[in-house]
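This report describes a chain, a pair of packed helices within it, and its contact with a partner chain.

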Amino acid sequence: MRALPSNTTPLWVMTLLCALICPARPPAASAEKPGAQGVEFFERKVRPIFVEHCTKCHSTSEKSKGGLTLDTRAGLLKGGDSGPVLVHGDPDKSRLIQAVRYKNRDLQMPPNNPLSPSQVSDLEKWVKMGAPDPRTTTVTVSVAGGKRVIDMEEGRKFWAFQPLGKPLLPNVRGQAWIQSPVDAFILEKLERKHLKPAPAAGRRTWLRRATFDLTGLPPKLVDIEAFLADRSQDAFGRVLDRLLDSPQYGERWGRHWLDVARYADSNGLDENVAFGNAWRYRDYVVSAFNRDKPFDQFLIEQLAGDLLARSENIALKHERLTALGFLSMGPKLLAEPDKVKLEMDFIDEQIETIGRAFMGITLGCARCHDHKFDPVPTEDYYSLAAIFKSTHTMDDLKTVARWHEPEVGLPEDFRAKEDFDKLIDAQRLVITNLMSTANRTLIADAKTNSLSSNPESRYPTNTQAELKRLRDGVKRMETEAPELPSTMGVRDGTNILKTFPVHLRGSHLTLGKEVSRGVPQVMVGSTRPLFDERHSGRLELARWLASAEHPLTARVMVNRLWRWHFGQGLVASTDNFGALGERPSHPELLDWLARRFIAEGWSIKAMHRVLMLSSAYQMASNVGNALDASDPDNRLLSHFPLRRLEAEEIRDALLAVAGMLDLTMGGKTLPIKNREFVFNHTSKDATTYDSTRRAVYLPIIRNHLYDLFEQFDFPDPAVPTGNRNATVIAPQALLMMNSDLVQQAASKLATHLLEDTRMPDAKRVERVYLQAYGRPPSGRELERARRFLDQFEDTISVQKPRPDNCRAQAWTALCQTLLAANEFIYLN
Amino acid sequence: MNSKSNSEWLTRRAMLQKSAAGFGWLAASAMLAEPVGNAATSMQVSSRPLAPREPLFPARARRVIFLFMKGGPSHVDTFDPKPLLDRDDDKPFPGEKPRVQFAPTAKLLKSPWRFQNHGESGLPVSELFPNVAQCVDDLCVVRSLHGTNAAHGGALLKLHTGSDNFVRPSMGSWVTYGLGTENENLPGFITICPTFAHGGVNNWGAAFLPSAYQGTPLGNATVPAGEATVRHIRNSRLTLAQQRVQLSLLARMNRDHMQQSGPSLALEGRINSFELAFRMQLAMPEALDIANETNATRKLYGLDNKVTENFGRQCLMARRFAERGVRFIQVTHSDGDVQWDQHGDLRKGHTKNAAEVDRPIAGLLKDLKARGLLKDTLVVWGGEFGRTPAAQGGRDGRDHNPEGFTMWLAGGGVKPGTAYGATDDYGWFAAENKVHIHDLHATILALLGLDHERLTYRHAGRDFRLTDVAGHVVHEIIS
């Protein structure tokens, strides 16, 4: 668990004092049997204080906050996380006494109420007496103060930290079902449970599934017809090629990564200012997927794009700088008054995100204490923190703090800026000249050497008017000044730390031992990264992560790909491969995929083909109850899971079916200037969502998501997510029933259907079913639609005066119903 | 609380902790917690995430109304009189100021308002709140709150979500997650005219809890309460009768589709969700329609007065939602700006702010009491922090002060007519019986019958809770 450091909670430990305190006198000095008087004093005065006020939080049997236990003599003598609390005979130097005196705000105990003055003086007296303590209970107090000590060798035995296995394809009986190596692993588990894979889905179903899966859009009528007509062996492969080559692929799969990268167009948290240049990172990701950038390279660029070998190629250089948006994109407490904490908080966010995104490990847990479940000691956390402490993420921390943005201007941008500066300087000069001429005239007229105050008021009227015109002109120019393109990112700091102190209990006020830059030990195999003294170490970290030997990177990523295709990861907890995460349902398959991924040069598109050209991916989803009993969660994949479309797919499908979708790619879409408040202190929302571009380009405002996104389980863009929810709640239904978006789409769809006035209604119903569901309607559905149109028209025609577009309204209502239906947003 | 009921209560709690059976809530939590790390299927387990659930142990309060004063009302000018501050006006603060401060402050500034003891309890209230003062025997004034963040954003997030550095579910979401709601035709958690600034939606968001538990905003801080509504609650083109026709076609289509696709709780849940949405379309306008409220009631809330009309309407809506079974209702007092944030213009600003809320709040308390609702409705009043006893920017302003401030609670099982805890002699630091924000959260949950250490949700491989790893129930304020 993660205890959050807070800046005013009294802390039991204080570094400064650590330095002041001489080493405690060896316990031996007080180990002598205390005299009767001392014993009596302890029993009468001291023990009751401990029992009543201290041991609830400081005992060997219950909590041992700050590593301190006071219920035994040994614990008392050992002290807490930052050293001894007693200096026998010297109350002033004993932190126990300093704490109960309540003078130091960061060291006050008990936390909620001070002891009475007489209790404090009793404790002081007792320490002065040499702290006699007759307690003899022997409880072994370990060096760690009763805390668990991480056994690294034991930790390495956990499956996720083991090197990738080299699984052989399993032998299965149903060889006929095997189309891809994937199938052998799936079938083997099914056969062992005497389960049979579901039959193949119909071609229409498969095409709809694959098209939404790879592009986030419904298949077009022409594509359906072409596929149905293509009876060749590689018809499925050809569809995949077409889909993977379409630019809409990168928009859909790039968006998956943007979930992991907690992409947003605003900071959120306390000061919700615009990330006006975040879109460059978004476009970088879309393009990386479309170009099938090898994942290892993708990873390295995002952590250390600025540190890669210098290239003469400006476009490449800018691309790599843009990739660094990954590190800068997190929410930051920009108005945090405690600046040191502010910095440690965003470093923590960076570490936590890298941990979850690439390793599936919750590293943030080790900020305050050794990870409670995974073998990650605090030292490892601060080894990583040293790397990011040596990285420059923020330009300054003054309220509101400013994040760093590397410039990515092209020569023409710099030229444009230069030209503009010249132009505006020239205009300013005109003003200066005009004024000095006017001033000279004033001085000459008044026959003095100096100007009176506010000379402008005495200029001739036409000069004043001219001056105003010129000034307005300059002001207008200023608002239109070209900004030099910049992007969110980091660079190396000026102070490269070779070591960094562990922050005891996560607080920068209590520093522990210094640790060198490094990576989590439990994942270190044969090669340990060596850190360059001149650089932050991000490049070494990135290369270590992206190496074929890393036990987690490839596993975590292929598991993500599996999750995004099959709705459930082989490791169901996609972002947590640790002890508290799930165990893989098919460990051999996971390792086989990871190896294949690396062997294919970390190509994601190659993995799509491996996964999608399998029988597993072709299975039908509509199976009865029969299979559910032995595998209710479908972990063994005996059928394809029913999938609800994600928020963006729902929104894009609505527009696509209505013929409204604009496929323009990329560019800035946030209507707010960089670093400007999204709401300021007011609650007015300047962002609009009525664009008809793909949903991936709609602004992502933290703290105030587009309502359609929010309702349909768009993940919280403040944290990395590889596993979206698919909840069902009533406000979703309200949105489908009443929102402008759905009503407009329905109305547009109806208008298209009615364009050809001679088209019979039956034909129209057929067309709209094909468009919305990719299949023709049944006879029953046809009939039902016709009846609905009549019935609905009746509800309108009773209105007076009778509206003249009754039929069109009825068609709109029918279309809206089709769009609201389950078949529109659930894929078989 | 007398020691007997305290120990009984604790015993029962301890017993329930050990017992393995009979937890309505725990069973529900097991159902709703992310199964096998994948919440995608959680709704297939429970298609009624908002179904009412029994608390862990007997609840003192069934619902919460949180009256949030945005910007940070000054405790030393309202509910925490400080004689030494009067005496030492314009002298330097004799103690050590906080290590981290939002803005520099100068010398001590005595309160411009007089305090007087009220009611049988004799609790002091300043002249800023003459109407609330009449209800003082119902209040439990906690004068020793302390938080951790000196800036609005961090402090709002801490107060509403328990965390000022990470995105976490809000208090109302936790409560709705723990207890469901008593009227599924209305949202379980409604926030009336919230502010989008300083955390915005995070302050009523569900974060990683299922979205069914997020707060439903009714308007926002820039919208007059009379115009506040829930998005998409009305169709602009179709009549209800026409929608009925649409929905019956939809239901038939969906049932056919389910025949084809095989049984699925998700598909079934979605079929039901349209029926529920249709009922919400009727229930929400009914709840918002105050046409049937008597003139006396309107007057009680100050609807007859321009100054109090807006907040009065918010409070009246809160009562109407409370009556209708909404579990957690937040009422925010905030204009488009930071309302109670008087770094300067303290006299003018606090006078105006108090005038806007005093009568409506008293009206709400009296009305709840008259209707028998106060006994099981917990009303909480307060801001994200208090203000410094030292002046800022001349002699008419105070800076943010998270180190010690006041909130009060009423109804729902708290000890009425009492004060708990104290700040130091000048009101800067909480000094006696300190109550951290985490402790407040733990206590609110306890009053609702929930154990803050056990109301957890598994997310990304970890069990999260509102109080993180902190929080102690303040048993002393529970009656």
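Predicted model: local features only at pLDDT ≥ 70, side-chain atom pairs only at ≥ 80, totals over all residues.

Chain A comprises 33 helices and 8 strands, and its C-alpha atoms fill a box of roughly 110 × 110 × 65 Å along the principal axes. When contacts in chain A between residues at least 6 apart in sequence are considered, 70% of them join residues at least 24 apart.

Two packed helices are described by the angle between their axes and the distance between the axes. The axes of α30(A), residues 761–773, and α31(A), residues 779–797, come within 10 Å and cross at roughly 110 degrees, an angle between 65 and 115 degrees, and the two helices are therefore roughly perpendicular to each other. The crossing of α30(A) and α31(A) is right-handed. From α30(A), the residues D761(A), A762(A) and V765(A) meet L782(A), A785(A), R786(A) and L789(A) of α31(A); by class, this contact has 5 nonpolar, no polar and 2 charged residues.

The contact between the chains takes 86 residues from chain A and 83 residues from chain B. On the side of chain B that touches chain A, α6 (152–161), α8 (240–261) and α9 (265–288) of chain B each supply at least two residues, and α8(B) gives the most, with 13 residues. The residues of that side of chain B divide by class as follows.

| Class, side of chain B touching chain A | Count |
|---|---|
| Nonpolar | 35 residues |
| Polar | 34 residues |

Conventions
Residues numbered from 1 in each chain as written. Chains lettered and ligands numbered in written order. Contact = placed C-beta atoms within 7 Å. Helix = DSSP H or I, 4+ residues; strand = E, 2+ residues; numbered from the N terminus. Nonpolar A, V, L, I, M, F, W, Y, C, P; charged D, E, K, R; others polar. Axes fitted to C-alpha atoms, helices over the stretch in contact; angles between N-to-C directions. Parallel < 35°, antiparallel > 145°, perpendicular 65-115°, else oblique. Left-handed = near helix turned anticlockwise from the far one by under 90°.
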